[in-house]
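Me: I'd like to go through this one label by label and ask what each label rests on. Can you take my questions as they come?

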Amino acid sequence: RMRRAQVLYGAGLRVNSNLKEKEGKMSVVDTKAALRTFRSCVKDKGAGACGQERKAVVVGLSSAVKAECAPFVDDFFACFSHRYSLSTCSDATVAKMIKCQEQYSSSILASK
């Protein structure tokens, strides 16, 4: 018998998952596979019928972006927690973080 659990991911996204499934972060390869599955589901059934597939893509993508852009996010939160009073804090700190997140997520979403 499988138990269901609610897993909390970044930005407050809650996703139901089976406890028997692999716990932890999805790899980029897993995320790309989930994206292909989602696109196939949308093509076959329409977007409304593919909620679970969409959630898998969102969780995988956020996990991959979080891991790849961690140094930029760390810099941003260091600045934020010190109220931008550190000498290394500037608009470029935020811009670098956002640029990393945009570029990395775009590259994964552009894959086929």
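Predicted model: local features only at pLDDT ≥ 70, side-chain atom pairs only at ≥ 80, totals over all residues.

Me: What makes Cys41 and Cys50 a disulfide?

Reply: The cut-off is a pair of cysteine sulfur atoms within 2.5 Å. Cys41 and Cys50 have an S to S distance of 2.0 Å, so they pass that test. A disulfide is a covalent bond between the sulfur atoms of two cysteines.

Me: Why is the Cys41 and Cys50 link called left-handed?

Reply: Because the torsion about its S-S bond is about -95 degrees.

Me: How do you know whether Cys41 is buried or exposed?

Reply: Buried means under 20% relative accessible area, exposed over 50%, and partly exposed in between (1.4 Å probe, protein chains only). Cys41 has 7%, so it is buried.

Me: How many disulfides turn up in the whole structure, and what pattern do they follow?

Reply: The search finds three. Counting bonded cysteines along the chain, the pattern is 1-2, 3-6, 4-5.

Me: What does the pair Cys69 and Cys100 tie together?

Reply: The sulfur atoms of Cys69 and Cys100 are 2.0 Å apart, and a torsion of about -90 degrees makes this disulfide left-handed. Cys69 sits in the loop between helix H2 (51–68) and H3, while Cys100 is in helix H4 (residues 91–110), so the link joins parts that are 31 residues apart in sequence. Helices here are DSSP runs (H or I, at least four residues), numbered from the N terminus. At 0%, Cys69 counts as buried, and Cys100 is buried too, at 12%.

Me: And which parts does the pair Cys79 and Cys89 tie together?

Reply: In this disulfide the sulfur atoms of Cys79 and Cys89 are 2.0 Å apart, with -100 degrees about the S-S bond, and the link is left-handed. Cys79 lies in helix H3 and Cys89 in the loop between H3 and H4, so parts 10 residues apart in sequence are tied together. Cys79 is at 2% and counts as buried; Cys89, at 13%, does too.

Me: How do you know what helix H3 should span?

Reply: The expected span is 1.5 Å times one less than the number of residues. H3 has 12 residues (70–81), so it should span 16 Å, and its end C-alpha atoms are 16 Å apart, which agrees. Just after H3, Arg83 takes a positive phi of about 55 degrees.

Me: Why is Thr31 called buried, and what is it in contact with?

Reply: Thr31, in helix H1 (residues 28–45), has 1% relative accessibility, so it counts as buried. Contact means heavy atoms within 4.5 Å. Leaving aside neighbours within four places in sequence, Thr31 is in contact with Met26, Val57, Gly60, Leu61 and Ile108. Its side chain also reaches the backbone oxygen of Gly60 at 3.3 Å.

Me: Is Lys112 buried or exposed, and why?

Reply: Exposed, because its relative accessibility is 83%. Lys112 is in the segment after H4. Not counting residues up to four places away in sequence, Lys112 touches Arg36 and Arg39.

Notes:
Residues numbered from 1 in each chain as written. Heavy atoms only, no water. Helix = DSSP H or I, 4+ residues; strand = E, 2+ residues; numbered from the N terminus. Polar contact = N/O pair within 3.5 Å; in protein donor to acceptor, adjacent residues only side chain to side chain.
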